Every structure is written in structure tokens, then in C-alpha cells.
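Subject: Structure for your review

Dear colleague,

Please find below the structure that I am handing over to you. My findings follow directly after it.

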Amino acid sequence: MTFLPKPPDSRDLSERVLLPLPSEIDYSNASEIRTQILSAARTRPGGLPRVLVLDLSANAFMDSQGVRLINEVRGSLHPHTRVFVVARPDGVASRVLGLTGLRRDVPVYDNLLEAMAA
């Protein structure tokens with residue numbers, strides 16, 4: 001079971017907020033991660049970000065709860081806040097996002113630089 005040790009490390013780059021996610025996302029921690037993501041996005045100085053980047057590049061395990069988490073975050077934010085995901089192309093998260101079809105709905109980038117520049 002992997003929980004974020006504290007509210008996610010967020011770095012505000014203009015109107016973008018980067019949130020690194022834990023190496024494992026499953027039923028045991030998805031709800032807590034969702035709460036922390038939404039709290040970080042909603043309480044940032046300057047209001048809601050224009051782009052929220054969820055960094056799954058360190059992810060080693062993610063099941064359907066990770067997909068549900070991303071969808072719930074998207075649905076809970078202001079409609080003008082876009083959600084981007086970073087996932088290693090050869091990683092578990094990337095495969096899960098592809099298999100479930102979430103890649104069609106959420107931009108998924110191979111690395112952090114691409115996501116932050118988009």
C-alpha cells in the first residue's frame with residue numbers, strides 16, 4: 001500500500017501545476033490520492049490551474065483504480081482546467097491507459113518536458 005507522504009509536491013509553472021504520483025495506485029490508495037490532487041489544485045495561490053499535469057513516470061503498478069482516479073479528477077475540476085498525464089511509453093501506466101481507452105480522452109505524454117511544454 002503506497003500513500004503520498006504529504007500533499008503532492010506541486011510546482012507552479014505559470015498556470016500549470018505538476019503533481020508527481022506514487023509508484024503504486026490501486027484500491028487501497030486511489031481515494032486518498034484523489035483527495036490530495038484535488039486539494040492541491042483547488043488551494044493553490046492564484047486559483048485553479050489552466051493545466052494539471054499528473055506525473056506517472058515513477059509508476060510501477062496501476063490497475064483500473066488509476067484510470068478511475070484520473071477520470072474523477074477531470075470531472076471534479078473546473079471545465080477549463082485541462083488534465084495531462086505523463087507516463088513512460090514502456091511502463092505499466094501507459095499500457096493501462098491504452099487498454100482502457102483513456103488515452104483517447106486525456107493527452108498522455110512520454111516525458112515531463114513534453115507535457116509541460118504542451
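I begin with Glu-72, which counts as partly exposed at 27% relative accessibility. Please note that this is a predicted model. Glu-72 forms a salt bridge with Arg-68, and the closest N and O atoms of the pair are 2.7 Å apart. Both residues belong to helix α2, where they are four residues apart and thus separated by about one helical turn. Arg-68 is likewise partly exposed, with a relative accessibility of 32%.

The search of the whole structure finds four salt bridges. Another of them joins Arg-88 to Asp-90, with 3.7 Å between the closest N and O atoms. Arg-88 counts as partly exposed at 34% relative accessibility, whereas Asp-90 is exposed at 59%. Salt bridges with shared partners also connect Arg-34, Arg-68 and Glu-72 into one network.

A further salt bridge is formed by Arg-50 and Glu-15, whose closest N and O atoms lie 3.0 Å apart. This pair links distant parts of the chain, 35 residues apart: Arg-50 is in the loop between α1 and β4, and Glu-15 is in the loop between β1 (11-13) and β2. Arg-50 is partly exposed, at 40% relative accessibility, and Glu-15 is partly exposed as well, at 42%.

As to the overall architecture, the protein contains four helices and seven strands. Read from the N terminus, the order of these elements is β-β-β-α-β-β-α-β-α-β-α. The protein has 118 residues, of which 45% count as buried. Among contacts with a separation of 6 or more, 70% are between residues 24 or more positions apart.

Turning to the interior, in soluble globular proteins nonpolar side chains tend to be buried together. The largest nonpolar core here has 28 residues, and Ile-37, Leu-56 and Leu-97 touch the most other members. Two or more residues each are given to this core by β2, α1, β4 (51-55), α2 (64-76), β6 (82-86) and α3 (92-100). Its largest share, six residues, comes from α1. Apart from this core lies another one of eight residues, including Leu-18, Val-86, Ala-115 and Met-116.

Two individual residues may also interest you. A polar atom of the Arg-16 side chain does, however, lie 3.2 Å from the backbone oxygen of Met-116.

The other residue is Tyr-27, located in the loop between β3 (24-25) and α1 (30-42). Tyr-27 is exposed, with a relative accessible area of 69%. Leaving aside residues up to four places away in sequence, Tyr-27 touches Asp-63 and Gln-65. The C-alpha atoms of Tyr-27 and Asp-63 are 8.3 Å apart in space, although the two residues are 36 positions apart in sequence.

With kind regards

Conventions. Residues numbered from 1 in each chain as written. Predicted model: local features only at pLDDT ≥ 70, side-chain atom pairs only at ≥ 80, totals over all residues. Heavy atoms only, no water. Buried < 20%, exposed > 50% of the residue type's maximum accessible area, 1.4 Å probe, protein only. Contact = heavy atoms within 4.5 Å. Polar contact = N/O pair within 3.5 Å; in protein donor to acceptor, adjacent residues only side chain to side chain. Core = buried A, V, L, I, M, F, W, Y, C linked by side-chain atoms within 4.5 Å. Salt bridge = Lys/Arg side-chain N within 4 Å of Asp/Glu carboxyl O.
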